[in-house]
Amino acid sequence: MQALIVGLGLVGGSLGMALRRRGWQVAFVDPAVTLEQALVRMAADERREAIEWSKDEIIVLATPVDVAVRFLEEAAASSGAIVTSVCSVMAPLVRAAGGSVSFVAGHPLAGSHQRGLGSARSDLFEGRVWFVDRAASDPRISRLVADAGARLTLADPEEHDRAIALTSHLPQVLSTALGALIAKDEDALRDYFGSGLQTFLRLAQSSREVWEPVIEANRENLDGAIRQLIEIVERILRGDGRSDFEAAQRLWRE
């Protein structure tokens with residue numbers, strides 16, 4: 001089995017490590033990573049200057065969302081290559097592909113606030129859910145997911161993006177926003193920092209370059225989630241939040 005990973009950062013590098021352990025031949029395209037770095041991290045066997053279309057290998061888009069969208073919009077229709085993604089949205093990529101390539105949208109539910117090949121690890125996907133567009137299937141994609149150590153789960157792209165706005169993208173926005181607010185008066189507040197705040201702000205370490213394209217790609221779903229959240233916050237502030245506290249505690253117990 002052969003894979004060409006476009007973007008050898010945290011997710012792409014981790015995938016390369018995992019696949020190579022299962023005997024895959026892995027090439028990569030990433031202007032920020034040298035072949036020596038990839039070999040030292042055991043994330044790839046070969047570096048390429050540009051994407052080479054081949055029906056014999058899977059092309060994995062592990063770039064920021066906006067880069068992946070541009071790639072799919074410009075993709076060569078006649079290559080016969082199969083392309084998949086590991087971005088945290090699916091619907092915008094499906095629309096960008098537009099049937100021009102054999103594309104299977106994917107999203108492994110794994111990651112970190114850290115970034116770059118230096119943070120990659122071969123067990124990143126072990127036991128994790130890996131969403132795949134239910135409208136498309138290919139045995140090579142199933143093999144890739146299994147060899148990465150993940151559990152393939154079929155998902156409708158639109159449904160996936162609505163759900164992930166609540167469970168992943170909104171927590172990132174809230175953590176970053178609270179961190180920015182507290183930073184305005186950090187010196188006065190420092191003595192009041194506790195473990196709860198540290199836990200909440202973990203995601204605030206995440207990269208703007210990674211998250212801004214995600215937020216833009218899923219803005220409509222995020223807007224809806226934020227409006228619902230504000231309604232709950234206002235109820236709590238009015239003292240009408242008993243059912244909200246109970247629902248949140250029940251969710252945590254479950």
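**Entry 1: H6 against H9**

I began with handedness: the crossing of H6 and H9 is left-handed. I worked on a predicted model throughout. I then looked up which residues make the contact. From H6 I noted Ser 168, His 169, Gln 172 and Val 173. H9 brings Trp 211, Val 214 and Ile 215. I sorted the contact residues of H6 and H9 by class and got four nonpolar, three polar and no charged.

Next came the geometry. The axes of H6 and H9 come within 11 Å. They cross at roughly 125°. I checked this against the classes of angle: over 145 degrees would count as roughly antiparallel, and 65 to 115 as roughly perpendicular. H6 and H9 are therefore oblique to each other.

**Entry 2: the buried side of H9**

H9 covers residues 208-217. Which of its residues are buried? I found Trp 211, Pro 213 and Val 214. Viewed down the axis of H9, these buried residues fall within an arc of 160°, so they line one face of the helix. I kept the helical repeat in mind here. An α-helix has 3.6 residues a turn, so residues three or four places apart point the same way.

I also asked what covers the buried residues of H9. The cover includes helix H3, residues 65-73, and helix H6, residues 157-183. Trp 211 and Val 214 are buried, and both are in the contact with H6.

**Entry 3: H6 against H10**

I moved along to H10, residues 219-238. The axes of H6 and H10 come within 9 Å and cross at roughly 70°. That makes H6 roughly perpendicular to H10. H6 passes H10 in a right-handed crossing, whereas its crossing with H9 is left-handed.

I listed the residues that meet. On H6 they are Asp 161, Arg 162, Ala 165, Leu 166, His 169, Leu 170, Val 173 and Leu 174. On H10 they are Asn 221, Leu 222, Ala 225, Ile 226 and Leu 229. By class, I have nine nonpolar, two polar and two charged residues for H6 with H10. For H6 with H9 I had no charged residues. His 169 and Val 173 of H6 touch H10, and His 169 and Val 173 are also in the contact with H9.

**Entry 4: Asp 156**

Last, I looked up Asp 156. I located Asp 156 in the loop between strand S9, residues 151-155, and H6. Its relative accessible area is 25%, and I logged Asp 156 as partly exposed. I then took the C-alpha to C-alpha distance from Asp 156 to Asp 123: 26 Å in space. In sequence, Asp 156 and Asp 123 are 33 residues apart.

Notes: Residues numbered from 1 in each chain as written. Predicted model: local features only at pLDDT ≥ 70, side-chain atom pairs only at ≥ 80, totals over all residues. Heavy atoms only, no water. Buried < 20%, exposed > 50% of the residue type's maximum accessible area, 1.4 Å probe, protein only. Helix = DSSP H or I, 4+ residues; strand = E, 2+ residues; numbered from the N terminus. Arc of directions from axis to C-beta. Contact = heavy atoms within 4.5 Å. Axes fitted to C-alpha atoms, helices over the stretch in contact; angles between N-to-C directions. Parallel < 35°, antiparallel > 145°, perpendicular 65-115°, else oblique. Left-handed = near helix turned anticlockwise from the far one by under 90°. Nonpolar A, V, L, I, M, F, W, Y, C, P; charged D, E, K, R; others polar.
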